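Visitor: I am new to this model. Please show me how to read it, feature by feature.

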Amino acid sequence: MAPQNRLITLNNGVQMPILGFGVFQVPEDQTEQVVTDALAAGYRSIDTAASYGNEEAVGRAIKGSGIPREELFITTKMWIQHTGEDTAKREFDNSLRRLGLDYLDLYLIHQPLGDYYSSWRAMQKLYGESLIKAIGVSNFYPDRLVDLIRHNDVTPAVNQIETHPFFQRQADQQLMREHGVQIESWGPFAEGRNDLFTNPVLAEIGSAHGKSVAQVVLRWLTQRDVVVIPKSVRPDRMAENLDIFDFDLTDDEMTRVAALDTGATVFFDHHDPAMVEWLGGRRVD
Ligand SMILES: NC(=O)c1ccc[n+]([C@@H]2O[C@H](COP(=O)([O-])OP(=O)(O)OC[C@H]3O[C@@H](n4cnc5c(N)ncnc54)[C@H](OP(=O)(O)O)[C@@H]3O)[C@@H](O)[C@H]2O)c1
């Protein structure tokens, strides 16, 4: 039997699979089948968001799978439009209803934008009522993260940020470690940008282990204790992406991957006012 997924222990003792499955950009009408396939492949952690427009389909797949709820780890995220204390509480209820669940494993503030301090207060209450096992944030650069921690009672369990071979976030991870915040990678493959899947360094390391570039990337991230949630609509790739626990990268290979870092996003900068304007105006329902 293939070696099993590893569990990471969050700052409140909750355990989360280090390897999960993301559904960003999976069309609503395909999501139920895709998540059904992912659960059948062996994924137990699913990452969605209100803004992905596919929570209901994720919920149908969960229900249809028959997998006991306690074996699953379900994450969703609150969009900017719904920040604020009362709005956040309502939006949490809406996500729970769309997912068909009575609690969440992880609820994240999707972006460090809007009235997210009020949202955090609402989330702290929901966490206190055991309606969420762990609360966290996403796309928080270190200054925003430290400020949120400094002025609130509950330290985020997770910060989900863009992390891949071209934007490695080593210093950010160190800072999060010092504050007890678990780093979670979004876009582990940079969505294929910069020709990631044909990168010669990653391909050469892969051939030394009989593994694909995707497997090298996921192994490299999880060996750094980064939680990963790769997305694929293809069952063959779902299985491939899970099959990363039977090999180790050497120190030399880790160093070679580290040299691919550009230190910059390959998507967009959350400090860019035009992007802040665009994200803040985006409506999800
Ligand atoms: N918090 C945030 O702001 C945020 C932002 C972005 C993403 N996320 C989360 O992070 C998850 C992952 O990131 P992502 O979906 O943006 O991108 P990603 O996982 O880096 O890349 C997905 C792309 O890689 C392809 N792929 C997957 N496995 C492959 C393999 N083994 N070989 C070759 N190609 C492969 C997929 O194609 P196919 O589907 O055709 O296989 C898809 O085009 C998302 O689904 C979402 O849950 C969060």
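Visitor: How many nonpolar, polar and charged residues does the shell around the ligand have?

Guide: First, two ground rules. Residues are numbered from 1 along each chain as its sequence is written. This is a predicted model, so local features need pLDDT of at least 70 and side-chain atom pairs count only at pLDDT 80 or more, while totals for chains, interfaces and linings use all residues.

Guide: Now the classes. Ala, Val, Leu, Ile, Met, Phe, Trp, Tyr, Cys and Pro count as nonpolar, Asp, Glu, Lys and Arg as charged, and the others, Gly among them, as polar. Here the shell has eleven nonpolar, eleven polar and six charged residues.

Visitor: Which residues come nearest to the ligand?

Guide: A residue is near a molecule if its C-beta atom, placed from the backbone, lies within 6 Å of it. Of the 28 residues around the ligand, the nearest are G22, W186, A214, K231 and S232.

Visitor: Which helix gives the most to that shell?

Guide: Helices (H or I, at least four residues) and strands (E, at least two) are DSSP runs, numbered from the N terminus. Helix 9, residues 235-242, gives the most, with three residues. The chain has eleven helices and ten strands.

Visitor: What radius of gyration does the chain have, against that of a compact globule?

Guide: The radius is taken over C-alpha atoms, and the globule rule is 2.2 Å times the number of residues to the power 0.38. For 285 residues, a compact globule would be near 19 Å; the chain has 18 Å, which agrees. The C-alpha atoms fill a box of roughly 55 × 40 × 35 Å along the principal axes.

Visitor: What percentage of the chain is buried?

Guide: Count C-beta atoms, placed from the backbone, within 10 Å of a residue's own: 20 or more others means buried, 12 or fewer exposed, and in between partly exposed. Buried residues make up 46% of the 285.

Visitor: Which residues have the most contacts inside the largest nonpolar core?

Guide: In soluble globular proteins, nonpolar side chains tend to be buried together. A nonpolar core is a set of buried Ala, Val, Leu, Ile, Met, Phe, Trp, Tyr and Cys residues joined through C-beta atoms within 7 Å. The largest one has 75 residues, and V35, V58, Y107, M123, V217 and V228 have the most contacts inside it. Helix 8 (residues 213-223) supplies the largest share of this core, seven residues.

Visitor: Is helix 8 enclosed or open, and what covers its buried residues?

Guide: Ten of its eleven residues are buried, so helix 8 is largely enclosed by the rest of the structure. The cover includes strand 9, helix 7, strand 10 (227-228), helix 9 and helix 10 (251-258). Just after helix 8, D225 takes a positive phi of about 65°.

Visitor: What does V228 touch?

Guide: Two residues are in contact if their C-beta atoms, placed from the backbone, lie within 7 Å. Leaving out residues up to four places away in sequence, V228 touches I18, L19, S185, P188, L218, L221 and T222.

Visitor: Is R169 buried or exposed?

Guide: R169 is buried, with 21 other C-beta atoms within 10 Å. It sits in the loop between strand 8 (158-162) and helix 6 (170-179). R169 has a positive phi of about 60°, although it is not a glycine.

Visitor: And D195, buried or exposed?

Guide: D195 counts as exposed, with 10 C-beta neighbours inside 10 Å. Its loop runs between strand 9 (182-186) and helix 7 (200-209).
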